[in-house]
Amino acid sequence: MSWAPAFLSNPDRFMAFSRWAAPMFGVIAVALAAVGLYLGFTAPEDYQQGQTVRIMFIHVPAAQMSMFAYVCLGVASFLALIFRHTLADCAAQAAAPLGAAFTFLALVTGSLWGRPMWGTWWEWDGRLTSVLVMFLLYIAYIALRASMDDEQKAARAAAILALVGSINLPIIHFSVEWWNSIHQGSSLFRKEGPAMPPVFWIPLLLMALAYMSAFGSLWLVGIRAEVWRRRVEAAQLRAARG
Amino acid sequence: MFDFKYAEFIVPAFAITAIVFAGMVGFSLARARRWRRRYEELTRK
């Protein structure tokens, strides 16, 4: 896979690749979500969670994607900051709103699950608070980029913010182990295997893959939009200079 | 099988998810289409 960064570092090659990859990931996402939702809604109710277990099929993938999008944002920001890579900067810029949307979904669906199961909409516990901090980091990243007229300065400042904020990722992941959390630990990707029967983990896995494909598709579309926007600005600048 | 128990929590969770996904897809496609058209207009000139 070492060829991948070099291959995608060329905007023309990236545009040619993403032209078919974005719709392909979109179709895969819809197909996986259709099967995952069908299996999720026909599964029996959980002996503890009852019918609210259905919320897990959209909450867990949203929470996973919120963190994965931040990893993408962090890596792209690092490449943009250190190597001044334009496409990496486009990738970082396109990942932030998607990450914010997935984090919003994780917080809202988690709250809707927490009310009947924990008896509260919200608790200032380690996991919930650190995910809220990640949501605020996404918002801060988007606001910082939008607040400066000099796009290069904005990109550098936002990249530094994204990299500093990445320290929150291990905090989110280990929060349930470090502190006495109301939130349960990992139940799908564990060394001992999933902590649930196949009737639950199969639809959950399908939904996780659907969310991953959806993110992949939307991220590629977002990067393409950003590449076009910069090409338009470059063309306008050339035209203004005569 | 889903039997509408706790529907007041489950339905909003799925509805909000559907709305956010529709927004993400709509916003992403509209933005990409807008800038691609602008670029094509400029290169045609």
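Start with chain A coloured by secondary structure: along the sequence the pattern reads α-α-α-α-α-α-α-α. That comes to 8 helices and 0 strands. Keep in mind that this is a predicted model.

Now zoom out to the whole chain. The radius of gyration of chain A is 20 Å, close to the 18 Å given by the globule rule for 242 residues, so the chain is as compact as a globular protein of that length. Show the C-alpha atoms alone. They fill a box of roughly 70 × 35 × 30 Å along the principal axes.

Next, look inside. Of the 242 residues in chain A, 41% count as buried. Contacts reach along the sequence too: among those between residues at least 6 apart, 76% join residues at least 24 apart.

Select residues 86-118 of chain A, which form helix α4, and residues 126-147, which form helix α5. Two packed helices are described by the angle between their axes and the distance between the axes. Here the axes come within 9 Å and cross at roughly 150°. Angles over 145 degrees count as roughly antiparallel, and α4(A) and α5(A) are therefore roughly antiparallel to each other. Their crossing is left-handed.

On α4(A), pick residues including Ala96(A), Ala100(A), Phe104(A) and Leu107(A). On α5(A), the partners include Leu132(A), Phe135(A), Ile139(A) and Ile142(A). Gln93(A) and Thr103(A) also belong to the α4(A) side, and Arg145(A) to the α5(A) side. Colour this contact by residue class: 14 residues are nonpolar, 3 polar and 1 charged.

Note on methods: Residues numbered from 1 in each chain as written. Chains lettered and ligands numbered in written order. Predicted model: local features only at pLDDT ≥ 70, side-chain atom pairs only at ≥ 80, totals over all residues. Helix = DSSP H or I, 4+ residues; strand = E, 2+ residues; numbered from the N terminus. Rg over C-alpha atoms; globule rule 2.2 N^0.38 Å. Buried ≥ 20, exposed ≤ 12 C-beta atoms within 10 Å, placed from the backbone. Contact = placed C-beta atoms within 7 Å. Axes fitted to C-alpha atoms, helices over the stretch in contact; angles between N-to-C directions. Parallel < 35°, antiparallel > 145°, perpendicular 65-115°, else oblique. Left-handed = near helix turned anticlockwise from the far one by under 90°. Nonpolar A, V, L, I, M, F, W, Y, C, P; charged D, E, K, R; others polar.
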